[in-house]
Amino acid sequence: MTSALPSSIPDSQLGLSHSEIQILRQHQQVALQNQAYTHSTSTRGRGHARTSASTSRAASAASSGHGRLLLDPGSLAVLGQHFERLMGAIQNRVDQLTAQTQISTINQSSRASAAMAAADAEIARFRDIIRQIDELETEFDKVRHIRDIVKGFRARVEGLERKIDARGSRR
């Protein structure tokens, strides 16, 4: 007597977490429903009653909520293809988000570079202003020194004029 392989096993025996079991149940149901829909629309009127009936039974079993993973090759193939499509869609979305992130990073880097260039220009402008102030302070010190010398000469000239005026009025 040959032992028949079970047609399904409890999904709780697969070593999955509770959330992974929920995902498996949801996607098994979706995959089988999609396969049943696709198969029924593509074989309508072509005499594939046996295949359609087994697909229909598989979809019905998956949707009945018994929490079992169907082990027949057709159901496993449909589930595998569904997960391949799902992973492809997820990978496409990851690729899109990665591209968007790269674009955003490049744009932000460009803005940061522009801001740094503007800051560098302002720093150079500020340094030039400080240099001009230093030059003016040097000129101011020179002019003040010359003014003090001129004041000294003026005071001496005025003193000499007073002496001359005083000598002239004495005579």
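In this predicted model, the side chains of Arg-131 and Asp-128 meet in a salt bridge, with N and O 2.5 Å apart. Both residues lie in helix H3, three residues apart, which is about one turn of the helix. Arg-131 has another partner too: Glu-135, with the closest N and O atoms 2.6 Å apart. Arg-131 and Glu-135 also both sit in H3, this time four residues apart, again about one turn. Put together, Asp-128, Arg-131 and Glu-135 are linked in a network of salt bridges.

Asp-11 forms a salt bridge with Arg-25, and their closest N and O atoms are 2.6 Å apart. This one links distant parts of the chain: Asp-11 is in the loop between strand S1 (8-10) and H1, while Arg-25 is in helix H1, 14 residues apart. The structure holds eight salt bridges, and here are three of them:

| Salt bridge | Closest N to O distance |
|---|---|
| Arg-131 and Glu-135 | 2.6 Å |
| Asp-11 and Arg-25 | 2.6 Å |

Next, have a look at His-82, which is found in helix H3. Its relative accessibility is 8%, so His-82 counts as buried. What does the side chain of His-82 make a polar contact with? The partner is the side chain of His-27, at 2.8 Å. Leaving aside residues up to four places away in sequence, His-82 touches His-27, Val-30 and Ala-31.

A search of the whole structure turns up one cavity of 30 Å³ or more, and the largest cavity holds about 30 Å³ of space. Its lining is made of Gln-28, Leu-32, Leu-69, Leu-70, Ser-75, Leu-76 and Leu-79. Helix H1 (18-42), strand S2 (68-70) and helix H3 (73-170) are the elements that each give two or more residues to this lining. H3 supplies the largest share, three residues. By type, the lining has five nonpolar residues, two polar and no charged.

Notes:
Residues are numbered from 1 along each chain as its sequence is written. This is a predicted model: local features need pLDDT of at least 70, side-chain atom pairs count only at pLDDT 80 or more; totals for chains, interfaces and linings use all residues. Side-chain values use heavy atoms; hydrogens and water are left out. On a 1 Å grid over the protein atoms alone, a cavity is a set of points where a 1.4 Å probe fits but cannot get out, and a pocket is an open set with protein on both sides within 12 Å along at least five of seven lines; lining residues have an atom within 4 Å of a point. Grid points are joined across faces, edges and corners, and a volume is the space filled by probe spheres set on the points. Ala, Val, Leu, Ile, Met, Phe, Trp, Tyr, Cys and Pro count as nonpolar, Asp, Glu, Lys and Arg as charged, and the others, Gly among them, as polar. Buried means under 20% relative accessible area, exposed over 50%, partly exposed in between (1.4 Å probe, protein chains only). A polar contact is a pair of N or O atoms within 3.5 Å; within protein, one must be able to donate a hydrogen and the other to accept it, and residues adjacent in sequence count only if both atoms are side-chain atoms. Contact means heavy atoms within 4.5 Å. A salt bridge is a side-chain nitrogen of Lys or Arg within 4 Å of a carboxyl oxygen of Asp or Glu.
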